[in-house]
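Please consult the sequence and the structure shown below.

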Amino acid sequence: MLKIWKVTFNDGGWHSGNLPSFHIIAESSDEAKKIAIEKNKHYSNWDVWAIEFKIPGYVIEVYDKKTYKREKNLQNF
């Protein structure tokens, strides 16, 4: 199942502002970190962590395009 992950990078220093973060869609936190590093190679030596993106009181369902179309077609059948 796909989830939305907030992947954050830290160079190990002190920061008064926001750290560089990216929202990535992936099945696991490890996969999300890998994708984020591939897309942002200049952060490859930084510490990285991923947290699942959640909104309290809401259920977030993420589909790939093919699965979404299939589910909609089954619902409309």
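## Basis of the description

Two strands are taken to pair if DSSP finds at least two bridges between them. The model described here is predicted.

## The sheet

Strand 1, covering residues 3–10, is joined to strand 2 by six bridges, and the two run antiparallel. One of the residue pairs linking them is Lys6 with His23, the latter lying in strand 2.

The sheet as a whole is open and consists of three strands in the order 2-1-3, with antiparallel pairing. Its edges are formed by strand 2 (21–26) and strand 3 (47–52), each of which pairs on one side only. On average, neighbouring strands of this sheet are turned by 30° against each other, direction ignored. In general, the strands of a sheet pair through backbone hydrogen bonds, in either a parallel or an antiparallel manner.

## Trp5 in strand 1

Trp5 belongs to strand 1. Is this residue buried or exposed? Trp5 has a relative accessibility of 9%, and because buried means under 20%, Trp5 counts as buried.

Setting aside neighbours within four places in sequence, the contacts of Trp5 include Phe22, His23, Ile24 and Ala26, as well as Ala50, Ile51 and Glu52. Further contacts of Trp5 are with Glu27, Ser28, Ser29, Ala32 and Phe53. A polar atom of the Trp5 side chain lies 3.1 Å from the backbone oxygen of Ala26.

Asn45 stands 40 residues from Trp5 along the chain, and the C-alpha atoms of these two residues are separated by 20 Å.

Notes. Residues numbered from 1 in each chain as written. Predicted model: local features only at pLDDT ≥ 70, side-chain atom pairs only at ≥ 80, totals over all residues. Heavy atoms only, no water. Helix = DSSP H or I, 4+ residues; strand = E, 2+ residues; numbered from the N terminus. Axes fitted to C-alpha atoms, helices over the stretch in contact; angles between N-to-C directions. Buried < 20%, exposed > 50% of the residue type's maximum accessible area, 1.4 Å probe, protein only. Contact = heavy atoms within 4.5 Å. Polar contact = N/O pair within 3.5 Å; in protein donor to acceptor, adjacent residues only side chain to side chain.
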